[in-house]
Amino acid sequence: MALRPVLQFPDPRLKRVSKPIAKITDEIRALAQDMLEVMYDEPGIGLAAPQVGEPIRLVVMDTTWTEEGSERSPIVVVNPEIVEREGTITWNEGCLSVPDFQAEVERSGRVRVRGFDLEGLPFEEEAEELRAVCFQHEIDHLDGVLFIDRISRLKRSLYVQKRKKALRRESEEGEDAGAPSGRAL
Ligand SMILES: [Zn+2]
């Protein structure tokens, strides 16, 4: 089966607020599996369901995975929520839905995340550094927020112009604007 395409800015579906998952069905489990496949294929270290067009509160992550062939330690979190946060950290972020762009974003340095796993059991993790950044980035997706919504207006508008130009070129020449570089979230 073909992999699900990742929606890209400025697709309006990325701005929707996703709904909590009421029941973990086989369909949800299959979606999580699809999302992991997409994430490793891109490659990225995190993916939220709205990025593949499903407006539900489901995220997958693997922040230790660095390259093809290395060991995978994926997590799937249903209805993730940040219940505690502390400190600040600035990280150079990228996103599979925001092609060809990275920018420094300030976020909480340490977060405690709660949710459920695919068996419906409680999930809880305290995360720091990249992992804390990744949780915040993915949960933002569930609220229709992209990392470019958290940078200065000037930087954002420069990116929006660049992206519009790339999309115009793409539609004129039928070319792919290219994949993001680095580790996208
Ligand atoms: Zn993202």
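User: Where does D100 sit, and what makes D100 partly exposed?

Analyst: D100 lies in strand β4. This is a predicted model, by the way. The relative accessible area of D100 is 30%; buried needs under 20% and exposed needs over 50%, so D100 falls in between and is called partly exposed. D100 also has a positive phi of about 55 degrees, although it is not a glycine.

User: What is the phi of N79, and why is N79 called buried?

Analyst: N79, found in strand β3, is not a glycine but has a positive phi of about 50 degrees. Its relative accessible area is 19%. The cut-off for buried is under 20%, so N79 counts as buried. As background, most residues other than glycine have a negative phi.

User: How do you know how many disulfides there are?

Analyst: A disulfide needs two cysteine sulfur atoms within 2.5 Å. The sulfur of C134 has its closest cysteine sulfur in C95, 10 Å away, so that is too far for a bond. The count comes to 0 disulfides.

User: And are those two cysteines, C95 and C134, buried or exposed?

Analyst: C95 has a relative accessible area of 1%, so it is buried. C134 is at 0%, so it is buried too.

User: What makes D140 buried, and what does its side chain contact?

Analyst: D140 is found in helix α2, residues 129-142. Its relative accessibility is 8%, and under 20% is what buried asks for, so D140 counts as buried. The side chain of D140 makes a polar contact with the side chain of R107 at 3.0 Å; the limit for such a pair of N or O atoms is 3.5 Å. Leaving aside residues up to four places away in sequence, D140 touches R107, V145 and R150.

User: How do you know that the length of α1 agrees with what a helix should span?

Analyst: Helix α1 covers residues 26-41, which makes 16 residues. At 1.5 Å a residue the span should be 22 Å, and the end C-alpha atoms are 23 Å apart, so the two agree.

User: Which strands does α1 pack against?

Analyst: The buried residues of α1 pack against β1 (46-48), β2 (58-61) and β3 (75-95). Among those buried residues are I28, L31, M35 and Y40. The helix α1 lies across these strands, running at about 40 degrees to β2.

User: What order do the strands take in the sheet, and what makes β1 and β5 edge strands?

Analyst: The order is β1-β2-β3-β4-β5, in an open sheet with antiparallel pairing. β1 and β5 (122-128) are the edge strands, as each pairs on one side only. From one strand to the next, the twist averages 45 degrees.

User: How do you know that β4 and β5 pair?

Analyst: Pairing asks for at least two bridges, and β4 (residues 98-116) and β5 have 7, in the antiparallel sense. Across from each other you'll find R114 and E124, and also V111 and A127.

User: Which residues of β5 are buried?

Analyst: Side chains alternate along β5: F123, E125 and A127 point to one face and are buried.

User: Last one: which peptide bonds are cis?

Analyst: Two to look at: the bond from F9 to P10 is cis, with omega near 5 degrees, and a cis bond joins E42 and P43, with omega about -5 degrees. P10 is found in the segment before α1, while P43 is in the loop between α1 and β1.

Technical notes
Residues are numbered from 1 along each chain as its sequence is written. This is a predicted model: local features need pLDDT of at least 70, side-chain atom pairs count only at pLDDT 80 or more; totals for chains, interfaces and linings use all residues. Side-chain values use heavy atoms; hydrogens and water are left out. Helices (H or I, at least four residues) and strands (E, at least two) are DSSP runs, numbered from the N terminus. Buried means under 20% relative accessible area, exposed over 50%, partly exposed in between (1.4 Å probe, protein chains only). A polar contact is a pair of N or O atoms within 3.5 Å; within protein, one must be able to donate a hydrogen and the other to accept it, and residues adjacent in sequence count only if both atoms are side-chain atoms. Contact means heavy atoms within 4.5 Å. The expected span of a helix is 1.5 Å times one less than its number of residues. Axes are lines fitted to C-alpha atoms, for helices over the stretch in contact, and angles run from 0 to 180 degrees between N-to-C directions.
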